[in-house]
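This briefing goes through a few local features of one protein chain. Keep the sequence and the 3D view open while reading.

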Amino acid sequence: MSRLVVVSNRIAPPDDKKAGAGGLAVGILGALKAAGGLWFGWSGEIGNADAPLKKVKRGNITWASFNLCEEDYEQYYLQFSNAVLWPAFHYRLDLVDFQRESWEGYARVNELLANKLKPLVEKDDILWIHDYHLLPFASECRKQGLHNRIGFFLHIPFPTPEVFNALPPHEELIEALCDYDLLGFQTENDRLAFLDCVASLTRLESKGKHQHQAFGKSFRTEVYPIGIEPEEIAQNAKGPLPPKLVQLKAELGNIKNIFSVERLDYSKGLPERFLAFEALLENYPQHHGKIRYTQIAPTSRGDVQAYQDIRHQLETEAGRINGKYGQLGWTPLYYLNQHFDRKLLMKVFRYAEVGLVTPLRDGMNLVAKEYVAAQDPANPGVLVLSKFAGAANELTSALIVNPYDRDDVASALDRALTMPLAERISRHSEMMEVICRNDINRWQERFVDDLKQVTPRSDASHLQQKVATFPKLA
């Protein structure tokens, strides 16, 4: 039986409870337990990069991690992954800071990781690579002589050619992606955007449903919307309240809570969200003194100027809005720039009448699904969701809004706050049906099953393929 080898930028070691808290770790571990195998990735540590791989084994799963030197961390991770690919893939070309050295570092680290992984890979293993940090990884594996089945899943959006082709190494990246046997995306729009980018650079041939050929390479594309563990979230949400939440409920009394949580990032539409809440207070004064908007946004990549700027902007806007609309005994907007335990947040979700999730662009946004799963089915809250989140394709019974239109969001918030119980129950039931059907285990099972169906690349066919060389910018 084939083993599964998972490669991601960071790994969640078995003894690191915090690292394993997210839904992705649950999905990956489920796939690894089913097949047995290896999870390979960066340890999160900087320095001592020449140290041997750190290996931990539990049952039929092995975790293998490596360190990065300071230069590789700066160029591969901070600069190219997070200051070039992240903003570009979220349609923010104005924030892209391309430097030749960072591209070279990104390519060098992908080659380094392929070198480190090769001795660990067995002939019949299947490889599942995750996210934008590792776009050229399959190409580097092919150059190392690995002909295994290699799949790739992109957790963030894939931009259209008008955006992607603005990146100086766009040709090299697209050709490298075609070295994967299976490419998975969150939405059909992302899948089509990728194919449009391929077609803008070379002849793209279709060989059946979602089977393609370009640059002399055959590959398949498919949509795999990532899910959550709804039962686990419901259990956490239903449990007894800690003293802090008991006190909070008492303080709120009959005040309805609009709740949002995500890391501090310009893709999340937080300034626009604050202005939409202000429009709610301005356009619907009947809610004054009766609602509270709580925004939790812990600092993310605090050493990047764009993130420092948005933090300052939010602090300024929160103070201005509270100064304009607040009353003695009533503060309309609570902005908390700190981290909270995930299990605690599930309980907060359950007692929030409105979940506000309005990113400007998002691959999926699992917070939207978690909010719905945490609700009391007999008295659920209402989800207000951006049309630009991948989750909007599945959670069609949410109140779908355009985050750039503050009056549209304000109107949806008013509707959510006044929605009758019967409608709330109906909408929640419809969304839960989708969430349970497309949970995290179905996500990983579909991808791995499809990857197993791929015919491994033979040595002969590999030699006929044109393998991209990195980097080759003029």
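His 210 sits in the loop that links β8 (205-206) to β9 (211-214). The model shown is predicted.

**Two residues with positive phi**

- Most residues other than glycine have a negative phi.
- His 210 is not a glycine, yet its phi is positive, at about 60 degrees.
- His 210 has a relative accessibility of 16% and therefore counts as buried, since buried means under 20%.
- Phe 215 is found in the loop between β9 and β10 (217-223).
- Phe 215 also has a positive phi, of about 55 degrees, although it is not a glycine.
- With 18% relative accessibility, Phe 215 counts as buried.

**The six-stranded sheet**

- Strands of a sheet pair through backbone hydrogen bonds, either parallel or antiparallel.
- Here six strands make an open sheet with parallel pairing, and their order is β13-β12-β11-β14-β15-β16.
- At the edges are β13 (333-336) and β16, each of which pairs on one side only.
- From one strand to the next, the twist averages 20 degrees.
- Strand β12 (residues 291-296) runs parallel to β13 and is joined to it by four bridges.
- Thr 294 stands opposite Tyr 334 of β13.

- On the α10 side, the contact residues include Leu 270, Phe 274 and Leu 281, and on the α11 side they include Ile 310, Leu 314 and Ile 321.
- The residues of this contact divide into ten nonpolar, one polar and five charged.

**Helices α2 and α3**

- Helix α2 (residues 70-89) and helix α3 (residues 100-117) pack with their axes 8 Å apart, at an angle of about 115 degrees.
- α2 and α3 are therefore roughly perpendicular to each other, because angles of 65 to 115 degrees fall in that class.
- The crossing of α2 and α3 is left-handed.
- Among the residues that meet are Tyr 76, Phe 80 and Leu 85 in α2, and Trp 103, Tyr 106 and Val 109 in α3.
- Seven nonpolar, six polar and four charged residues make up the contact of α2 with α3.

**Ala 392, a buried loop residue**

- Ala 392 belongs to the loop between β15 (382-386) and β16 (399-401).
- Why does Ala 392 count as buried? Its relative accessible area is 11%, and buried means under 20%.
- Ala 392 touches Leu 385, Ser 386, Lys 387 and Ile 400, leaving aside residues up to four places away in sequence.
- Met 364 is 28 residues from Ala 392 in sequence, and their C-alpha atoms are 8.2 Å apart in space.

Methods: Residues numbered from 1 in each chain as written. Predicted model: local features only at pLDDT ≥ 70, side-chain atom pairs only at ≥ 80, totals over all residues. Heavy atoms only, no water. Axes fitted to C-alpha atoms, helices over the stretch in contact; angles between N-to-C directions. Helix = DSSP H or I, 4+ residues; strand = E, 2+ residues; numbered from the N terminus. Parallel < 35°, antiparallel > 145°, perpendicular 65-115°, else oblique. Left-handed = near helix turned anticlockwise from the far one by under 90°. Contact = heavy atoms within 4.5 Å. Nonpolar A, V, L, I, M, F, W, Y, C, P; charged D, E, K, R; others polar. Buried < 20%, exposed > 50% of the residue type's maximum accessible area, 1.4 Å probe, protein only. Pairing = 2+ DSSP bridges.
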